[in-house]
2 protein chains.
Amino acid sequence: MNCKTGKQTVRFENPPSIIETASIVGKKEGEGPLSEYFDYILEEDSWGEKSWEKSESKIIKSTAELAIRKASLTDSDIDYILAGDLINQCIGANYAMKDFSIPFFGLYGACSTMTESLTLGSMLIGGGFGERALCITSSHFCTAEKQFRFPLEYGGQRTPTSQWTVTGSGCAIISSSGRGPYITHVTPGKIIDMGIKDVNNMGAAMAPAAADTLITHFHDTGRKPSDYDMILTGDLGVIGSDILCDLMNKQGYDIYSCHKDAGKMIYDIQNQDVHAGGSGCGCCASVLCGYVLKQMKSGKINNVLVAATGALMNTMTIQQGSTIPSIAHAAAISNEQKEIVNN
Amino acid sequence: MNCKTGKQTVRFENPPSIIETASIVGKKEGEGPLSEYFDYILEEDSWGEKSWEKSESKIIKSTAELAIRKASLTDSDIDYILAGDLINQCIGANYAMKDFSIPFFGLYGACSTMTESLTLGSMLIGGGFGERALCITSSHFCTAEKQFRFPLEYGGQRTPTSQWTVTGSGCAIISSSGRGPYITHVTPGKIIDMGIKDVNNMGAAMAPAAADTLITHFHDTGRKPSDYDMILTGDLGVIGSDILCDLMNKQGYDIYSCHKDAGKMIYDIQNQDVHAGGSGCGCCASVLCGYVLKQMKSGKINNVLVAATGALMNTMTIQQGSTIPSIAHAAAISNEQKEIVNN
């Protein structure tokens with residue numbers, strides 16, 4: 001039987017397998033340190049489309065097609081798509097997915113959407129409701145700047161705490177059968193609001209949500225940080241990552257050595273002018289599906305806990321003086337289908 | 001075992017129960033024909049808040065609190081919240097749910113979100129991943145007009161095909177145990193795009209998605225329209241409902257007599273100046289949770305197939321000349337936990 005273990009963690013009786021991944025990223029992301037791991041790198045970020053929104057839809061659609069093709073599957077082999085993005089009304093995913101003849105669930109978890117998708121997708125497959133689910137998210141620097149900040153043409157100066165939205169998409173196909181890596185546990189998060197109002201410091205707003213979900217995961221499972229080769233967050237960036245590690249340390253969890261943040265990994269922070277690092281739901285998605293899961297498939301690392309974080313505000317709530325509520329969903333991914341044994 | 005039956009329908013081995021519902025609606029909705037069925041009717045639609053967005057959040061939060069209280073439960077009895085709304089970045093639900101200490105999944109399915117929530121929620125509970133899920137959506141006339149159409153102060157004239165966004169929220173608590181009604185089947189929908197571009201005629205854009213999901217449901221289950229006392233759509237309105245019934249009839253499914261649309265039920269169409277009827281994800285939610293499920297609990301009707309439809313565009317895609325992709329998710333709800341036997 002699948003079961004809840006502890007307060008809010010699910011342990012799968014038959015952990016679903018991540019059978020295939022795909023990732024497509026923009027030019028700048030392709031110039032970063034993870035360049036060689038992405039499946040395709042755009043030469044320029046409009047990708048021949050007439051609007052940034054259409055470009056983002058093309059990226060997410062192409063990433064899904066690529067994952068299906070790499071897995072030697074067709075649309076009819078996929079039971080569910082779970083997808084989302086950052087654009088108003090999630091049009092990135094909605095317009096991308098209209099050409100697939102596959103039942104579709106639209107999600108909005110801001111930059112946490114990739115692990116929201118993996119969490120729900122693995123429950124649908126682990127619950128016996130189908131054979132395969134396609135989990136995918138995207139973000140695009142130009143659609144995000146236009147919508148959340150300033151028109152690109154304005155050339156606004158960025159604060160040192162601000163982050164750079166990743167242009168890219170990552171896709172994972174989850175299956176009820178197949179070789180690992182496997183999703184063994186998921187810990188869906190609660191909304192956490194510590195009163196941060198600075199929309200140019202998202203890392204600080206989101207770090208407490210990551211800490212809450214990670215600590216809950218350790219409580220629920222009896223695991224400890226050293227049970228994982230990597231604890232991956234989505235886009236806390238330089239500042240949020242420091243806050244997370246300190247928050248965890250205060251609660252007795254030392255993650256300084258095993259913590260990685262996709263927002264710090266995808267760019268050369270010193271030389272690519274991205275201030276506090278990458279962000280966007282394409283950040284965790286492309287780093288997880290492009291780099292981390294490939295490292296797992298090749299056996300270089302074996303146990304990863306991934307927790308993408310999302311800031312659940314919009315521009316209007318900030319103008320109205322509201323705080324920034326945040327959330328993080330976590331998934332434990334292992335090359336072993338059986339449980340890690342704790343002493 | 002839970003199983004897929006046919007192409008895209010799930011049949012639950014142990015159908016989850018809808019143990020409690022709650023609904024709160026605005027002043028205009030409270031003046032309509034379903035007035036007596038809603039739990040609470042606002043005296044004025046700001047509900048004492050300083051912005052329409054904060055008012056919508058208060059409505060959704062209060063509806064969730066009411067459902068939990070009516071069920072004699074507390075936050076810790078609920079395993080998951082699945083919620084969404086129409087405002088950019090789903091801030092209606094996000095800010096409403098930050099004060100609940102419950103794992104949260106944000107959904108975006110436009111006006112289909114209530115049945116997206118019921119579909120995913122029943123799979124989480126039916127899959128054994130928890131005891132109870134809270135499914136909720138909202139919409140607000142004033143947040144929707146401001147965001148999707150014109151500032152209220154502009155006083156723009158509406159076309160005859162346009163619909164009136166419902167101010168309201170509906171909530172259903174799904175449980176692994178308890179008396180009926182039960183969710184016996186769910187049929188998640190695919191995105192359908194028939195090329196409609198008129199954003200003032202959403203019913204026409206969404207009707208083909210409803211037809212696709214309903215016909216798939218009948219194919220997959222071997223059921224026929226007469227197996228249901230009511231086939232309820234969310235907000236097709238007057239025009240979309242006629243299109244749906246005609247589309248179904250052409251495919252051999254006569255639903256003229258058993259089809260009801262929440263957008264036609266919630267207002268007195270002739271006298272409340274709502275043109276083609278109600279819309280918004282609070283429309284299906286409040287009519288389903290306020291009226292239909294109460295009719296089922298009292299035994300006046302026993303079998304309902306509900307399919308809310310959503311138009312997955314935003315204002316920018318319309319400005320960019322794109323079509324309106326749509327989706328519908330369906331849930332079969334019955335007072336009997338066992339299967340309807342077909343001849």
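A:Pro181 sits in the loop between strand 9 (168-175) and strand 10 (182-187) of chain A. Helices here are DSSP runs of H or I with at least four residues, strands are runs of E with at least two, and both are numbered from the N terminus. The peptide bond from A:Gly180 into A:Pro181 is cis, with omega near 5 degrees. Chain B has a cis bond too, joining B:Gly180 and B:Pro181, with omega about 5 degrees. B:Pro181 is in the loop between strand 9 (168-175) and strand 10 (182-187) of chain B.

Ground rules, quickly. This is a predicted model, where local features need pLDDT of at least 70 and side-chain atom pairs count only at pLDDT 80 or more, while totals for chains, interfaces and linings use all residues. Residues are numbered from 1 along each chain as its sequence is written, chains are lettered from A in the order in which they are written, and side-chain values use heavy atoms, with hydrogens and water left out.

One more backbone point. B:Ala110 has phi near 50 degrees, a positive value in a residue other than glycine. Find B:Ala110 in the loop between strand 6 (104-106) and helix 4 (113-126) of chain B.

Now the interface. How many residues of chain A are in contact with chain B? The count is 59, and they meet 59 residues of chain B. Contact means heavy atoms within 4.5 Å. The area buried between the two chains is about 4900 Å², and carbon and sulfur atoms give 62% of that. Buried area is the accessible area, with a 1.4 Å probe, that two parts lose on being put together, summed over both. Which residues of chain A lose the most area to chain B? They are A:Gln89, A:Tyr95 and A:Phe129, together 15% of what that side buries.

Polar terms next. Between chain A and chain B there are 32 residue pairs in polar contact, both residues at pLDDT 80 or more. A polar contact is a pair of N or O atoms within 3.5 Å; within protein, one must be able to donate a hydrogen and the other to accept it, and residues adjacent in sequence count only if both atoms are side-chain atoms. Helix 4 of chain A gives the most to the side of chain A that touches chain B, with six residues. That side of chain A has 29 nonpolar, 21 polar and nine charged residues. The classes: Ala, Val, Leu, Ile, Met, Phe, Trp, Tyr, Cys and Pro count as nonpolar, Asp, Glu, Lys and Arg as charged, the others, Gly among them, as polar.

Salt bridges. The rule is a side-chain nitrogen of Lys or Arg within 4 Å of a carboxyl oxygen of Asp or Glu. Over all chains the search finds 24. Four cross the interface of chain A and chain B. A:Asp79 pairs with B:Lys4, the closest N and O atoms being 2.4 Å apart. Within chain A, A:Asp39 forms a salt bridge with A:Lys294 at 3.3 Å between the closest N and O atoms. A:Asp39 lies in the loop between helix 1 (27-30) and strand 4 (40-41) of chain A and A:Lys294 in helix 9 (residues 281-297) of chain A, so this pair ties together parts 255 residues apart in sequence.

Last topic, cavities. The whole structure has two of 30 Å³ or more. A cavity is a set of points, on a 1 Å grid over the protein atoms alone, where a 1.4 Å probe fits but cannot get out; lining residues have an atom within 4 Å of a point. Points are joined across faces, edges and corners, and a volume is the space filled by probe spheres set on them. The largest cavity has about 270 Å³. Its lining has 21 residues, with B:Cys111, B:Arg149, B:Met202, B:Ser279 and B:Met313 nearest its centre. The second largest cavity has about 40 Å³. Helix 5 of chain B gives the largest share of that lining, four residues.

How values were computed: 1 Å grid on protein atoms, 1.4 Å probe; cavity = no way out; pocket = protein on both sides within 12 Å on 5 of 7 lines; lining within 4 Å.
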